[in-house]
Each structure stands twice: as structure tokens, then as C-alpha cells.
Amino acid sequence: MRVARLLAFTPLAAALLQGPITVGQTTITNEYPERIAFEVRVASAAANVETVDLLLTVRGDTTTRSLRANAVPTRRPIAWVEWDPRPDGVPPGVPVTYAWKVRDAAGNVFTSPGETFIVEDARFAWRTLEGDDLAVWWYRGDDRFGRSIFDAANRALDRMRRASTADIDDRLHIVIYADDESFAGAQDYVQEWVGGRAYPSMAVTVQVVPPDAEADWIEDVIPHEVAHLFFYQATHTALSYGPPSWLDEGYASYHEFSSHHRDLRLVRDAAASGELIPLRLASGSFGVDAARVDLLYAESLSAVTFVYEGWGENGMASLLEALRQGADLDEALLQVTGLDFEGFQQAWWEWLGGEPGAYPTPPWEGPAPRTPMPTPTDRPVPPTTTPSPRSDVVFPPFPICCPLPLAAVAFIGAARVRDRGARRSWHSP
Ligand SMILES: [Zn+2]
């Protein structure tokens, strides 16, 4: 394993001092995904150093971890501690802030100022393209490849900004693995068909994009991911309700650069044949049935397209802003469209050509709808053959299952079956 030895990002060359306690410069040894080790010399002029704790805060996480460092109780010990980031669900590309809290036997306590570094997967030699608003990391593929991802992301972000009153607070970080195996190696656990993972609260997305990926696929998956990250920042505050998956997914799919003709037709066909799944069920996980997941994604796109067609970019911007201000979905829709969610569903149904009043009404409790299209296989993209996986994502507004303590990751359905092959990634709420 390549071990990257990183010097501390401490701006002060000299030791930090408060009262009798000093904290030297930190050395970080990066062996991610296995571990990240921290080492520092501390000292107290008053008494033996009793405890040294490393405080870690991952961007987007409201909790701070405290790790007790190893240190011999002397006046000038070297303290060291290892952090295993994988069980914490910490992805590459996320900024982490650390600080030392030192206590001596005389009762003096000093917490050093926070310093920030970005987690990198130490197994690869990363290349980076960075701007003020987003950054891309990749390790296989030439400059043109990295530039194609960076440009697609920037164009998508510009488009969303122009059409919105919202903006981003956190720079968006896009980490590109060249193959499934390398991606999976950075995960604590991942199903073999998963082609990426998004962490909207951390403003990070980690995707598998081989250097020979088709350009039009890059121009779908990257804008889609950027849209999820933008959507989160545009709608999320401590006050806000989690928006439903159909709005998040539909917004992301709407911002893909390719034509959506096929998806929109799929929904119209489903409406005509009585196969439409009520939009209310496009919340949380989309399940595991490939055809159902495919239809739910298409319906999400269709409903969002309906918002754009009916109320324009200003309408969507107002909807996001209302959610950010703490409105629930009913309230936000009422403000923008004059319709509550039930009314909105009905109007969408009629826009699809449905008969007034005949919307598949609640409660609709069936399992999967009858499959409106053939389901080729349940795992259409074996990890070893991945021609050009389409990584697709859902950000559920609430944790459905929490296999990882930090990234309360929701499991999203089986692979979506599309002509180019389709896969999904996970989002942490
Ligand atoms: Zn998505």
C-alpha cells in the first residue's frame, strides 16, 4: 500500500501555546482507507500531561469524535492515535477538521485551533482540478478525462444557479474511481452492483467512471450527482423537512444533459395503461424491483418536468426556497402552485393525459405494479464487465437503515435497466 505522509496543515510553524500547555505541529500519516494516524508533541510547563484527545469533525456531520491518544504521562510526551474512517462512513474527498485537547495533572486544559485536511484514498496517486465551487479527483485517465468531468459539473452547477435563488455554501467534491474494485475497497461494505455513493450533507459524491466512459454518459451522471448535492444545499437547513425522493430524484434527472424523451414516454405509457405508481410512493427507497425502480425514477422526472412546464424556473426556485424556509411539501406546493400535494398529483395525472378524477388514488398499497416493460435481469451490470455504468441515486429524506453510524446510508433499489446499463448509488441523508 502506498502510504502518503502528509505534513500538518498547521499555519503556525511554531508550537501552539496557551498557558503552560504547548501543542506542536501535527504529522498525519494517511493510509486511508485502512487508517489515518495522527502524531504530535505536546508539553506542559506546569505538570505531567495527563490526557491528549484528538477531536475530529467531518464536514456535514454535526457530531465531533473524540479519540484518546496514546501518550506517556510526562511533561513532553509524543501523542499518537489512529483513526479508522471506514466504519464511520467517511468517504474520500471530504474535509475533516481536527484539533487536540490536552489536559495536564495540574488541571490546565488547552484545545488547539481546528485544522482541516481533505481525506484522500492513499492507494492511488490522485490528480485534481479545483475551482471555488467544485473540485474533481481522479487517478486514471488523462487531463482531458478529468477536464470533461470538471466541465460537465461546472456547466450543470451554472445552469442550476442561474435558474435558482439558491447557492451552495460548501464546495462540491467529486471523487472518481476507475473501477468497481477500487471503489469497493474504500467502502466498509458495498453491494457489488453499486456504482457510486453520494453524501449530500458532506457535499461529496464518489463515483465509478472508467476513463473510457462514453462522453454522453459522463454528461448524465455528473450533472445528476451535482444536482443532488446542489438540491441538498438549496433545501436543507436545521428547520427544513426532508423533501420527498421524487422531487430530489426528479430534479437530479432533469438536470442531466441528455434527452429525457424515453423516460417521459414511459410515464405517459404507464398512465395510459393504468400502471402509474402514485407519486406519494416515490418517497424514501424506491425498492429493489428493477422495473418499478425505473418507473419511479421516470415518474420523478416527469413530475419535476411538470413543475417546470407549469410554473417555470421561478416556480421551481420558489419551491426549493419554501422547503429551505421550513415549509413541508404541502405548504411549499401550495405557495408555488396553489395546489396541495393531492391536488398537484391530480393535475400531474391530467397533464399526463389521465382522466380527471381518475388518478390512482390513495390508499394504494400494492407491492410492485405489474411490470410495464420487460425486466431483463435483476443484476444487469456485473461488476467485472461494467461497460458504462450509469450511477444513479436517491436521497431519501430520512434514514431508512443505518448500516453506517455517520452516513446513515439508505439502500436504494436494484439496478435500473436502461439501454446503456444502469446502476445506482447510495445517498446518506
Ligand atoms: Zn439520483
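Biologist: At what relative accessibility does Trp-126 count, and is that buried or exposed?

Modeller: Quick caveat: this is a predicted model, where local features need pLDDT of at least 70 and side-chain atom pairs count only at pLDDT 80 or more, while totals for chains, interfaces and linings use all residues. Residues are numbered from 1 along each chain as its sequence is written, and side-chain values use heavy atoms, leaving out hydrogens and water. Buried means under 20% relative accessible area, exposed over 50%, partly exposed in between (1.4 Å probe, protein chains only). Trp-126 therefore counts as buried, at 14%.

Biologist: How many aromatic pairs turn up, and which residue pairs with Phe-124?

Modeller: Rings of Phe, Tyr and Trp (its six-membered ring) pair if their centres lie within 6.5 Å; planes under 30 degrees apart are stacked, over 60 edge-to-face, the rest tilted. Searching the whole structure gives 18 aromatic pairs. One of them is edge-to-face, 6.0 Å centre to centre with 85 degrees between the planes, and joins Phe-124 to Trp-126.

Biologist: What is the centre-to-centre distance for Phe-286 and Tyr-297?

Modeller: Phe-286 is buried, with a relative accessible area of 1%, and Tyr-297 is buried with 1% too. The two rings form an edge-to-face pair with 85 degrees between the planes, and their centres sit at 5.0 Å.

Biologist: Which ring does Arg-268 lie over?

Modeller: A charge sits over a ring if NZ of Lys or CZ of Arg is within 6 Å of the ring centre and within 35 degrees of the ring normal. Ring pairs link Trp-246, Phe-306, Trp-311, Phe-341, Phe-344 and Trp-351 into a cluster. At 5.1 Å from the ring centre, Arg-268 lies over the face of Trp-351.
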